[in-house]
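Q: I'd like a close look at how the inside of this one is put together. Please start with the core and go on from there.

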Amino acid sequence: MRIIKNALQMQKIALGHVKNGDEIGLVPTMGALHEGHISLIAKSERNDDITIVSIFVNPTQFGSNEDYLKYPKTAKKDVEICKRNHVDYVFMPTVNDMFPADHKTFIEVEILQDVLCGKFRPNHFRGVVTAVVKLFNISCADRSYFGMKDFQQFKIIEKMTKDLNFKTKIIPCPIVREKSGLAISSRNSYLSVEERKASENISKILKEASEDFKIKDLNFIKESVLDKFKKIPESKLDYAEIVDFNDLSLADGNTRKVVFAVAIWIGRTRLIDNTVMIKQAKCR
Ligand code: AMP
């Protein structure tokens, strides 16, 4: 496994692999690697000749009052995890390499970037998409792996690659959860013991909603879920929305495939989670 810290060097290496006919998989991350990331790496290992894991805490996707400076950094451990999981290259660029002071180009995906998390984190997805496009170009990836935990991010990246004719195929990967149901996240390390306990309610509420989805009306589900979220101790809800899986518009009774997405503060930590629900066609 090689650690590459420079974008030009990474691109040169990747172009060499393309020339050899190798298929390249890219797993973009912000580091503090955990089982969720490892599941993406494992999928690339199965599909691709070469697996590149990028580790880059991207300043352009954080708001000025967000946790950019305190985002967990565990570089040594991350490198070990990559080695153990047969990664070929860890790409760890500097901020100056990815976004030098004279960087002027940003990419936006209209509408999709403005709903759900986009309402609460203006410019977040513009920063994410721009960094991901640069990583696609640097890595020459045939496939790139994204967790469904960041469902809106996955949809936005998927749309961007279609709109801009990228050759990179976007591979969605299921949410990896702790035994308690809590979606694994680098930010879980911010939680105190009590906050972690409170956070475990999030997936429980979503699970109950997906049971209700089979039999109950959407408005009823939404109200009962809002009520339950508001009762989680030490919490403040940003949103809990039921949206169309395809275009993130608000779902109604006729939407067959929906996503119930939530963003909630537990103490000073913002957590996101979601569940995909599909309405079965009625038997005649
Ligand atoms: P991050 O390092 O948080 O930016 O995440 C990098 C990638 O890992 C993104 O595609 C995330 O959606 C994915 N990811 C993070 N947590 C999980 C999880 N619990 N299960 C599956 N994928 C995840």
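A: Of the 46 residues in the largest nonpolar core, Met10, Ile52, Phe91, Val129, Phe136, Ile157 and Met160 touch the most other members. A nonpolar core here means buried Ala, Val, Leu, Ile, Met, Phe, Trp, Tyr and Cys residues joined through side-chain atoms within 4.5 Å, with buried meaning under 20% relative accessible area, exposed over 50% and partly exposed in between (1.4 Å probe, protein chains only). Bear in mind that this is a predicted model, where local features need pLDDT of at least 70 and side-chain atom pairs count only at pLDDT 80 or more, while totals for chains, interfaces and linings use all residues. Residues are numbered from 1 along each chain as its sequence is written, and side-chain values use heavy atoms, leaving out hydrogens and water.

Who builds this core? Elements giving two or more residues include helix H1 (7-19), strand S3 (50-55), helix H7 (151-163) and strand S8 (257-266). Helices (H or I, at least four residues) and strands (E, at least two) are DSSP runs, numbered from the N terminus. H6 hands over the largest share, nine residues. Both domain 1 (2-173) and domain 2 (186-276) put at least three residues into this core; those bounds come from an automatic or database domain assignment. In soluble globular proteins, nonpolar side chains tend to be buried together.

Of the 17 shell residues, His37, Gly147, Asp150, Val176 and Ile184 come nearest (a residue is near if one of its heavy atoms lies within 4 Å).

A side-chain N or O atom of Asp150 sits 2.6 Å from a ligand oxygen, and a polar side-chain atom of His37 is 2.9 Å from an oxygen of the ligand. For Ile184, a backbone N or O atom lies 2.8 Å from a ligand nitrogen. The ligand has 480 Å² of accessible area on its own, and the protein covers 93% of that (Shrake-Rupley method, 1.4 Å probe).

Methods
Polar contact = N/O pair within 3.5 Å; in protein donor to acceptor, adjacent residues only side chain to side chain.
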